[in-house]
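Please look through the sequence and the model together, and then follow the explanation below one part at a time.

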Amino acid sequence: MGSGERGGGALVVCLGQVVTDHTFRVDEVELAPSKVTARGYSMSVGGMAANAAIAVARLGGRAVFWGRVGRDEAGEELRQALEDEGVDTTGLVMAEGARTPLSAVIVDKRGERSIVTYRGERLPADPSALPLDRLAEAGSLLCDPRWPEAAEAAFAAARARGLPGVLDAEKSEERVLRALVPLADHAIFAKTGLTIFAPGVPPAEGLARALEAGPLRMAAVTLGERGVLWRAPGMKGISTRPAFPVEATNTTGAGDVFHGAYALAVAEGQEVERALRFASAAGALRARDGRTPDRAELEALLAGDTDRPLVRARRKD
Ligand SMILES: Nc1ncnc2c1ncn2[C@@H]1O[C@H](COP(=O)(O)OP(=O)(O)OP(=O)(O)O)[C@@H](O)[C@H]1O
Ligand SMILES: [Mg+2]
C-alpha cells in the first residue's frame, strides 16, 4: 500500500525514470583510462521522477510514481524501495524480458558528481496501461523526458482536466524536449536541457523560446549553486531565484528533488515565486546532506535561518 492511502497531503503524480544508483565516492574523478579506489560505495533509488516522488512523500505530499522497470531483481528492489518511502507504485510497469536501468554515480570530494546511465533494454514504450484516471485526485503532474510517449499522454490528460503539468526538462533528445515543452505548464530546464532545446542563445532567450512554444505559465533553468533563472509570459526580462548557500557534500539528485518539491508546491497552490523558493530550499538541503529533507527541515530553512552557517552534515557513506 502506498502513501496514497496514508497521508492527507496534496497528491503529485511523478512520471518517468527510475534507476538503481551505484554511488562511488572518490577524491577526484580521473580522466583518461585509469584505476581509482573508491573511499565509499552505496546503492539506492535514483532517477529523476523517482527521486522527485520520494521528495514529494518526505515533504508531506502523497506521491504516485509511474514508470518502467524490468521484471528482474533490480526492478523488484526499486519497487520495494519506493514503497518503503511511502510512494504508491501501482502504476509501475514491470516488463517481462526487459532490463532495469542503472547508473554509476561518481562523487568527488567537493560533492560534485559524474554519472554514467544505462537506460535499460526492451522497456515498453506503450503508455496505454497507465491509470490516467488517477489524475482526477492529483494536484499536479511532474514528468521527466525518459518515457516520452507516456509523458505526452499524461500531459494531454492533465491539460484536459486543468491539472498543472511540470516538466523536468533534463538533458535529452532534442525532439523529445520539443514535443514535451509545449505540453507543460511549468518547464524547468537543467542547463544542458536548455542548451539542447535552444542552442547557441543565452538562457534568457532560450526561456523566451520555451514560452513561445506553448501556453506555459513559466519557464526556468536551474544552475546549481547559482540558483534559478525564470520568466513568465508578460514579464519583462528574466528573474533570478538565488540558491540557498550551503556547503555541498553530494549534489546528486538536487535537481530531481528541486522538481519534486516544486511540483508539490504547485499542487499545494503556491504561486511561482514561492514555489521556486520552496524548491530551492529542498535542492540545497539535498546538496548539503546527500539525502532528501523532510518538511520540518525545509520549513526551518525557509523560516529565515539562512544567515546562520549551514553546517556540513555527517556523511552517510
Ligand atoms: N550546491 C548547491 N547549493 C545550493 N543549492 C543547490 C546546489 N546544488 C543544487 N542546488 C539547488 O537545486 C537546484 C537544482 O540543481 P541543479 O541545477 O544542479 O540540477 P540539475 O543540473 O538538474 O542536476 P541533477 O538533476 O543531476 O541533480 C538549483 O537551482 C539550486 O536551487
Ligand atoms: Mg536534473
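Helices are DSSP runs of at least four residues, and they are numbered from the N terminus. In this predicted model, helix H8 spans residues 272-289 and includes Arg286. This arginine is buried but forms no salt bridge, since the nearest side chain of opposite charge, that of Asp21, is 5.7 Å away, whereas a salt bridge is counted within 4 Å. A polar atom of the Arg286 side chain does, however, lie 3.0 Å from the backbone oxygen of Thr252. Leaving aside residues up to four places away in sequence, Arg286 also touches several others, including Asn51, Asn250, Gly253 and Pro293.

Asn51 leads us to helix H1, residues 48-58, where it is one of the buried residues. This helix is mostly covered, with 10 of its 11 residues buried, and it is followed by Gly60, whose phi is positive, near 100°.

In soluble globular proteins, nonpolar side chains tend to be buried together. Here the largest nonpolar core has 52 residues, of which Val18, Phe65 and Tyr262 touch the most other members. Apart from it lies another core of 38 residues, among them Phe155 and Leu223.

Finally, consider the aromatic rings, which form 2 pairs. The centres of the Phe24 and Tyr41 rings are 5.2 Å apart and their planes are at 55°, so this pair is tilted. It joins strand E2, which holds Phe24, to strand E3, which holds Tyr41, 17 residues apart. With a relative accessibility of 31%, Phe24 counts as partly exposed, and Tyr41, at 42%, counts as partly exposed too. Phe189 and Phe197 form a tilted pair, with 5.4 Å from centre to centre and 50° between the planes, and both of these residues are buried.

Technical notes. Residues numbered from 1 in each chain as written. Chains lettered and ligands numbered in written order. Predicted model: local features only at pLDDT ≥ 70, side-chain atom pairs only at ≥ 80, totals over all residues. Heavy atoms only, no water. Helix = DSSP H or I, 4+ residues; strand = E, 2+ residues; numbered from the N terminus. Buried < 20%, exposed > 50% of the residue type's maximum accessible area, 1.4 Å probe, protein only. Lys, Arg positive; Asp, Glu negative; His and termini not counted. Polar contact = N/O pair within 3.5 Å; in protein donor to acceptor, adjacent residues only side chain to side chain. Contact = heavy atoms within 4.5 Å. Core = buried A, V, L, I, M, F, W, Y, C linked by side-chain atoms within 4.5 Å. Phe/Tyr/Trp six-rings, centres within 6.5 Å; stacked < 30°, edge-to-face > 60°.
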